[in-house]
Amino acid sequence: MYFFILTLIFPLLYPVPQTTDGEKQVLQLVENFFIALEKQDTTAFKNIFLKDARNYAVRDVKDSVIVRSQPSSGFRFTAGQVLKERLRKKTTIAKIEGRIAMVWAPYDLWINDTFSHCGVDVFTLIKTSEGWRIASIAYTMEKTGC
């Protein structure tokens with residue numbers, strides 16, 4: 001009896017947040033990024049980013065932090081190398097305020113079906129007249145704790 005009452009009351013006290021249409025749009029853009037990455041679709045990949053977007057890679061090496069920065073337009077696909085980046089969707093978060101959005105996305109990366117590393121991608125997106133575009137990606141690269 002008590003269990004039945006709790007199952008009725010619990011959702012009222014702790015409602016499950018619903019994904020808004022805007023959040024669905026930015027999450028879909030991030031998903032499109034991973035699809036273009038895996039298919040090595042240069043055109044789709046280029047259209048996802050703002051013209052002057054940047055990528056930042058952050059990695060701990062011994063007692064140092066290595067930060068690598070490059071323009072997103074400088075990214076090149078490697079022939080014969082299939083990159084599969086998979087989000088951990090249960091822990092991915094999207095936040096939007098007006099024309100700015102952020103997606104926090106824990107991920108695993110596989111190269112040619114071999115695990116490479118895991119980490120967190122943080123996408124900053126801006127809504128332009130053409131729709132949402134990625135302004136920057138910052139990501140960690142970790143070999144353990146995945």
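Colleague: Which residues form a disulfide, and how far apart are their sulfur atoms?

Modeller: This is a predicted model, and the structure holds one disulfide. A pair of cysteine sulfur atoms counts as a disulfide within 2.5 Å. The bond is formed by C118 and C146, with their sulfur atoms at 2.0 Å.

Colleague: How many residues apart in sequence are the parts that the pair ties together?

Modeller: C118 belongs to strand 6, residues 114-128. C146 sits in the segment after strand 7 (131-140), so the parts tied together are separated in sequence by 28 residues.

Colleague: Is C118 buried or exposed?

Modeller: Buried means under 20% relative accessible area. C118 has a relative accessibility of 1%, so C118 is buried.

Colleague: Which elements give two or more residues to the nonpolar patch?

Modeller: The patch on the surface consists of Y56, V58, V65 and V67, which together have about 320 Å² of accessible area. Two or more of its residues come from each of strand 1 (49-61) and strand 2 (64-71).

Colleague: Is V67 buried or exposed?

Modeller: V67 is part of strand 2. A residue counts as exposed over 50% relative accessible area. V67 has 54%, so V67 is exposed.

Colleague: What pattern does the protein follow along the sequence?

Modeller: The secondary structure consists of three helices and seven strands. Read along the sequence, their pattern is α-α-α-β-β-β-β-β-β-β.

Terms used. Residues numbered from 1 in each chain as written. Predicted model: local features only at pLDDT ≥ 70, side-chain atom pairs only at ≥ 80, totals over all residues. Heavy atoms only, no water. Helix = DSSP H or I, 4+ residues; strand = E, 2+ residues; numbered from the N terminus. Patch = residues over 30% accessible without salt bridge, like charges linked within 9 Å, V, L, I, M, F, W, Y side chains within 5 Å. Areas by Shrake-Rupley, 256 points an atom, 1.4 Å probe, with all protein chains shown as cover. Salt bridge = Lys/Arg side-chain N within 4 Å of Asp/Glu carboxyl O. Buried < 20%, exposed > 50% of the residue type's maximum accessible area, 1.4 Å probe, protein only.
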